[in-house]
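This report describes the architecture of a single protein chain. It moves from the overall fold to the core, then to one helix and several individual residues.

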Amino acid sequence: MNRRILHIILFVVAALTFADAAVYAQSKKFVLVVDAGHGGKDYGALGVKYNEKSINLNVALRLGKLVEENFDNVSVVYTRSTDKFVSLQERANIANRAHGNLFISIHTNSIDKKNKARTRISGSSTYTLGLHR
């Protein structure tokens with residue numbers, strides 16, 4: 001399995017495990033909103049063979065499927081499940097209407113070919129928004 005996908009899955013498992021106690025206390029399903037970044041007319045980063053919107057969609061669908069297969073108490077909501085454009089505001093609306101507990105937006109970063117360090121760069125990025133902002 002790709003290391004980046006594994007990092008994402010580990011993050012989701014950790015977040016779901018942390019949230020389990022609160023969810024069970026309320027006896028509701030945990031709602032995971034999976035956002036495949038870009039889409040439709042918005043290609044994101046362009047590669048020689050692939051574009052970011054396609055990679056993001058494939059990873060998002062795969063992640064959602066893994067969560068659905070392994071966590072009975074989790075409901076997965078996708079901001080998009082096909083190659084279509086969804087505005088940033090509509091992505092937020094989808095998450096809010098679903099009463100999402102966790103929002104994960106999948107993106108695939110790129111780097112300029114002229115950057116000499118590009119072959120050594122790896123890993124993932126995580127951004128969070130706390131209640132206090």
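Predicted model: local features only at pLDDT ≥ 70, side-chain atom pairs only at ≥ 80, totals over all residues.

**Overall features**

The chain has 133 residues, of which 32% are buried. Its accessible surface amounts to about 9400 Å², and carbon and sulfur atoms account for 54% of that area. Of the contacts between residues at least 6 apart in sequence, 68% link residues at least 24 apart.

**The nonpolar core**

The largest nonpolar core comprises 16 residues, and those touching the most other members are Leu 32, Val 34, Val 67, Val 74 and Ile 106. Two or more residues of this core are supplied by each of strand 1 (30-36), helix 2 (52-70), strand 2 (74-78) and strand 3 (102-106). Helix 2 provides the largest share, with five residues.

The surroundings of Leu 32 can be given in detail. Beyond its neighbours within four places in sequence, Leu 32 contacts Val 12, Val 67, Val 74, Ser 75, Val 76, Val 77, Leu 102 and Ile 104.

Ala 36 also belongs to strand 1. Because its relative accessible area is 0%, and buried means under 20%, Ala 36 counts as buried. With residues up to four places away in sequence set aside, Ala 36 touches Asn 56, Leu 57, Ala 60, Thr 79, Arg 80, Arg 91 and Ile 106.

Which residues of helix 3 are buried? They are Arg 91, Ile 94 and Ala 95. These residues lie on the same side of helix 3, because they cover an arc of only 95° around the axis. An α-helix has 3.6 residues a turn, so residues three or four places apart point the same way. The cover over the buried residues of helix 3 includes strand 1, strand 2 and strand 3. On the face turned away from the buried side, helix 3 carries the exposed residues Gln 89, Asn 96 and Arg 97.

Ala 92 is another residue of helix 3, which spans residues 88-97. Its relative accessibility is 30%, so Ala 92 counts as partly exposed. Ala 92 and Phe 103 are eleven residues apart along the chain, and 9.1 Å separates their C-alpha atoms.

**Loop residues**

Most residues other than glycine have a negative phi. His 38 is not a glycine, but its phi is positive, at about 65°. His 38 is located in the loop between strand 1 and helix 2, and with a relative accessible area of 18% it is buried. The phi of His 99 is likewise positive, near 55°. His 99 lies in the loop between helix 3 and strand 3, just after helix 3. With a relative accessible area of 63%, His 99 is exposed.

A further loop residue is Lys 29, placed between helix 1 (3-26) and strand 1. Lys 29 is partly exposed, with a relative accessible area of 47%. From Lys 29 to Asp 72 the sequence separation is 43 residues, while the C-alpha atoms are 8.6 Å apart.

**Aromatic rings and charged side chains**

How many aromatic pairs does a search of the whole structure find? The search finds zero. Aromatic rings do, however, take part in arrangements with charged side chains: the charged end of Lys 41 sits over the ring of Phe 85, and that of Lys 53 sits over the ring of Tyr 43. The distances to the ring centres are tabulated below.

| Charged residue | Ring | Distance from charged end to ring centre |
|---|---|---|
| Lys 41 | Phe 85 | 4.6 Å |
| Lys 53 | Tyr 43 | 3.9 Å |

Note on methods:
Residues numbered from 1 in each chain as written. Heavy atoms only, no water. Phe/Tyr/Trp six-rings, centres within 6.5 Å; stacked < 30°, edge-to-face > 60°. Lys NZ or Arg CZ within 6 Å of the ring centre and 35° of its normal. Buried < 20%, exposed > 50% of the residue type's maximum accessible area, 1.4 Å probe, protein only. Contact = heavy atoms within 4.5 Å. Areas by Shrake-Rupley, 256 points an atom, 1.4 Å probe, with all protein chains shown as cover. Helix = DSSP H or I, 4+ residues; strand = E, 2+ residues; numbered from the N terminus. Core = buried A, V, L, I, M, F, W, Y, C linked by side-chain atoms within 4.5 Å. Arc of directions from axis to C-beta.
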